[in-house]
Amino acid sequence: MGFDLLLLAPVGSILALGFAFYLALSILRMDEGTDKMKEIAQAVRVGAQAYLKRQYLGVSMFFVVVFFILLAMALKGYLVIFVPFAFLTGGIFSGLSGFIGMTIATQSSNRTAQAASNSLNSGLRVAFSSGAVMGLTVVGLGLLDLSIWYYFLNWYYSIHPTPLGTDKIAAITSTMLCFGMGASSMALFARVGGGIFTKAADVGADLVGKVEAGIPEDDARNPAVIADNVGDNVGDVAGMGADLYESYVGSIVATSALGVAAGLGVAGVTVPMVMAAVGVVASIIGTFFVKSKEQASQKVLLAALRKGVFTSSFIVAVIAFFLIKYTLGIERLGVYWSVLAGLIAGVLIGLCTEYYTSSGFKPTRSIADASLTGPATVIIGGIAVGMMSTAIPVIIVCVAIMVSFFVSGGAANFNSGLYGIAISAVGMLSTLGITLATDAYGPVADNAGGNAEMSKMPPEVRKRTDALDSLGNTTAATGKGFAIGSAALTALALIAAYKEQVMIFGKDIDANMMNPTVLVGLFIGGMLPFLFCSLTMRAVGRAAGKIVVEVRRQFKEIVGIMEGKAKPDYARCVTIATAAAQKEMIAPSLLAIAAPIIVGLLIGIDAVAGLLIGALVTGFVLAVMMANSGGAWDNAKKFVEEGHYGGKGSAAHKATVVGDTVGDPFKDTSGPSLNILIKLMSMVSIVFASFIIRNTFFK
């Protein structure tokens, strides 16, 4: 029964990739606009490809080193021999999903601007189709990677003995769990490196162009404007794609491992993988509901996007009932309510994020009000809004955890309860194909606005792209909240999987809060997200400083640049941002990998459990706060630019620009990287569990 249903996973993968390919071809057939629009889009495309080429070259060296470390560990008996290869495929597929999404995004910006010259809705359709390519590529490649490993390991362990005397399905899920480390590693490098690049260019362009020189956003006279547009693609598309690929596969492999621990066998693996395949179909259907009248308002467009997401969620909710009843039996129908809890939690977190970051509601407007008294009050207001915005998402996730645990087994069947928590994360991420589409569309709309400005299209076109961009800020913030919420549930499942992995090696974890090693781990884990954010924020600041110096130099030394008679050296800013991002991403990325290994070797496996719990708690809350503060600052600026409080060029506008520059690394570098941090540390702990147990100094 389970084996037959599992065939739906590769079928879902092929369906997702096939529909993504169809959408990509339909985008490429659209009108590219004027020669000037094509020239600008090509410059952004070249810069983005150059950045990714350099990043992937650097990251590949890291993967080669870690591959041989894992291979040496496997040869010494610490790991199954397949783990190093699973690590590689996880990283390759994660990077590939980001690359494909970014390639289509850079092909879509000028086409979106051209479509926006017809109507707001036409521009939305192009940008959303580009986002859908990203979303469906992520879920398609994720399911493909999972399917390949499952069927290969199932064949292998059918004719070879399993390691450590485990049964076949336990050996399969234990190995599959490890390939998440490769996906998480690539995601962190992509998110941190892309985030540093995009925000360094954005902050540098805004501070010198808008605040000092008083020229409009995306003005062709600004030397950093192309770098800013490149950054939108390498950070908010390629980085985000790798990030959510990691979230997607991480939730599925963690749930599969816990399903085996709960005694569900192959059925425990079938449910999350088939549910992901159902989510593919639901997401494809949902894309057809994202439409509105040709002359639509921003509010109507947001409703159109919501309609697509809600439709997909409803389809998953209905089919999941029959899937779980058929696979697990009527006696385990409580697992279905866990799925529903995850789906509902994802929708509620999205609505909460929208409330705190959209200019249509009080929190963001209060930041715009504060602009009348200067940048300091804007910054204070934005931080306060971000802090306030953590309360409801935390409560939502807590309720989802409690509901999922108790309806699936509770204290009477502890492992089944943990499986319920894990499956709720799968439920939340099952509609990722369309949820990610609503997120990834934002950077395309942002680039379309830049293209319209630099190519001097009619003012109404820029007005439409600004409306799409503002909507994109809200959907991006919603997507980040969604990703962070699912990360909290997935990380909790991974911590449980870490405990199970330790038990496989004959040990147990004493998680008593009075255990001093656990307390030490809690303190260190609670501190790590703050240290990580400090490293990434300082990295953005240093990189942005270099862009500021370069833009000032060009304004001063290139005669005629302000009159539009001389062309800025755009490539120089792209090169500076690329070099800075590659250098600055190393320390924070290595922190996530080294911390659990060092703590484990020095203090022991109990401390590692404390470290993971501490990092999960503070990392989740800090990520929500930073993402929502940044989104609120950005939309407060756009609210002023619409003509409120003096409009563009006013003192209030300059104050909100300063707030936005502070919020940029909050929402696009440090905040979204935290959900990868907490999961990567869990993955590393699982992979290195055997090594730590045998070599810890704290016996």
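I then noted that the C-alpha atoms fill a box of roughly 75 × 50 × 40 Å along the principal axes.

Before going further I wrote down that this is a predicted model, in which local features need pLDDT of at least 70 and side-chain atom pairs count only at pLDDT 80 or more, while totals for chains, interfaces and linings use all residues. Residues are numbered from 1 along each chain as its sequence is written, and side-chain values use heavy atoms, with hydrogens and water left out.

Next I looked up the secondary structure, where helices (H or I, at least four residues) and strands (E, at least two) are DSSP runs numbered from the N terminus, and I found 22 helices and zero strands. For burial I used relative accessible area with a 1.4 Å probe and protein chains only, buried being under 20%, exposed over 50% and partly exposed in between; buried residues make up 66% of the 699. Of the contacts (heavy atoms within 4.5 Å) with a separation of 6 or more, 84% join residues 24 or more positions apart.

Is K480 buried or exposed? I found K480 in helix α16, residues 459-504, where its relative accessible area of 9% makes it buried. Leaving aside neighbours within four places in sequence, K480 is in contact with D439, A627, K667, D668 and P672. Its C-alpha atom is separated by 29 Å from that of Q42, which is 438 residues away along the chain.

Last, I looked up two positive phi values in residues other than glycine. K456 has a phi of about 55° and lies in the loop between α15 (432-454) and α16; at a relative accessible area of 72%, K456 is exposed. Y645, whose phi is near 55°, sits in the loop between α20 (605-641) and α21 (651-687), and its 30% relative accessibility makes Y645 partly exposed.
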